[in-house]
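User: I am new to reading protein models and would like to learn how to read a few features, one at a time. Could we begin with how burial is judged?

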Amino acid sequence: MNEGAPRIRIKIAPLNLARARRWGDWFFALSLAEALRGFGHDVAVETRDLWDHESREGDIALVLRGFGGYRPRPGLVSLMWIISHPGNVRPEELEPYHHVFTASVKHKRKLRKLIGPRVSTLFQAHDPAIMNPDVEPIPSGLLYVGNNRRGGRPALDLAAAAGFNVSLWGAGWAEHPVHARSLKGAFIPNAELGRHYAGARAVLNDTWRDMRLAGFPSNRVFDALAAGAPLVSDAVPGTPEELQPWIHAWERAEDFPAAVEAALAEGEERRAARRAFAKEVNARHSFRARAAEISAKARELVG
């Protein structure tokens, strides 16, 4: 590791490793850790049972904040990256942190009124080793990847109501009265996910309500566009401007069918343009790009 590059311990919410392997935060953290190592840092990913394991003076605690619970230790530099569920973050929770990253321009403005300048925007990201247009594609039609969850999956429900055939991957759908017939499997290995996106005629996405209202574009936006896939997503204010022309966005339920039809109708010329644009996404919105900002802030604070 490079001299002057502090150790970084990425804190994620799952209780232990067995549970973490079912969380998207785990794969997010692994990709981020590898990117940070490229800047000379010794990095480990710690589930909740390891949060206080082997911390030492000079370490950086980097909390991936979806679900909370971590309390910064006195004497250690602590960073938070809010990547989801901003409505669960209370102002008093932010006070002990030396810097807060948030994956939303709108949310950054809100937090600056509460804690001042120690907050900046850091959007979610993708791993170019997995999400890129040059992988060997696995063909599918209209693709949706996501587990069944409380509150439903709006894009999936709208697709079914409009009569679209969906290739569904995710856990908890086998007994669903509507979506079970679309199920292709319960799990796609993370290393294979980019091949499915690259081979899809279109990828469906929807966003948690609190994230959408707070201007948090989801991780799937960056993944799908980096893989060169046509993306159908609910409109999220504050999505980076350069990405917006490549998203078939819908705001109202009645707009959804037209957005899907437009995505499915994309011809080879448009798909080729998407694959070319994916290279720009890879350069600007990769975990390496995010790690560069985190590393610079970590060195600044430790120094």
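Analyst: A residue is called buried when its relative accessible area is under 20%, exposed when it is over 50%, and partly exposed in between, using a 1.4 Å probe and protein chains only. Arg153 has 9% relative accessibility and therefore counts as buried. Before we go further, please note that this is a predicted model, in which local features need pLDDT of at least 70 and side-chain atom pairs count only at pLDDT 80 or more, while totals for chains, interfaces and linings use all residues. Residues are numbered from 1 along each chain as its sequence is written, and side-chain values use heavy atoms, with hydrogens and water left out.

User: Where is Arg153 placed, and with which residues is Arg153 in contact, leaving aside neighbours within four places in sequence?

Analyst: Helices (H or I, at least four residues) and strands (E, at least two) are DSSP runs numbered from the N terminus, and Arg153 sits in the loop between β7 and α5. Contact means heavy atoms within 4.5 Å; once neighbours within four places in sequence are set aside, Arg153 is in contact with Tyr144, Gly146, Asn147, Trp173, Asp206 and Arg220.

User: Which residues of helix α5 are buried, and what do the buried residues of α5 pack against?

Analyst: In helix α5 (residues 154–162), the buried residues are Ala155, Leu156 and Ala159. They cover an arc of only 100° around the axis, which puts them on the same side of α5; the arc is that of the directions from the helix axis to the C-beta atoms. The buried residues of α5 pack against β7 (140–145), β8 (166–169), β10 (200–205), β12 (247–250) and α9 (256–264). Just after α5 comes Gly163, which takes a positive phi of about 85°.

User: How should I read a salt bridge, and how many salt bridges does the structure hold?

Analyst: A salt bridge is a side-chain nitrogen of Lys or Arg within 4 Å of a carboxyl oxygen of Asp or Glu, and the structure holds 19 salt bridges. One of them joins Arg9 and Glu46, whose closest N and O atoms are 4.0 Å apart. This pair links distant parts of the chain, since Arg9 is in strand β1 (residues 8–11) and Glu46 in strand β2 (residues 43–46), 37 residues apart. Both Arg9 and Glu46 are buried.

User: In what order do the strands of the open sheet of six strands run?

Analyst: Strands of a sheet pair through backbone hydrogen bonds, either parallel or antiparallel, and two strands count as paired if DSSP finds at least two bridges between them. Here the open sheet of six strands has the order β2-β1-β3-β4-β5-β6, with parallel pairing. At the edges stand β2 and β6 (119–121), each with a single partner strand, so one side of each is left without a neighbour in the sheet. Within the sheet, six bridges join strand β3 (residues 60–65) to strand β4 (residues 77–82), which run parallel, and Arg65 stands opposite Ile82 in β4.
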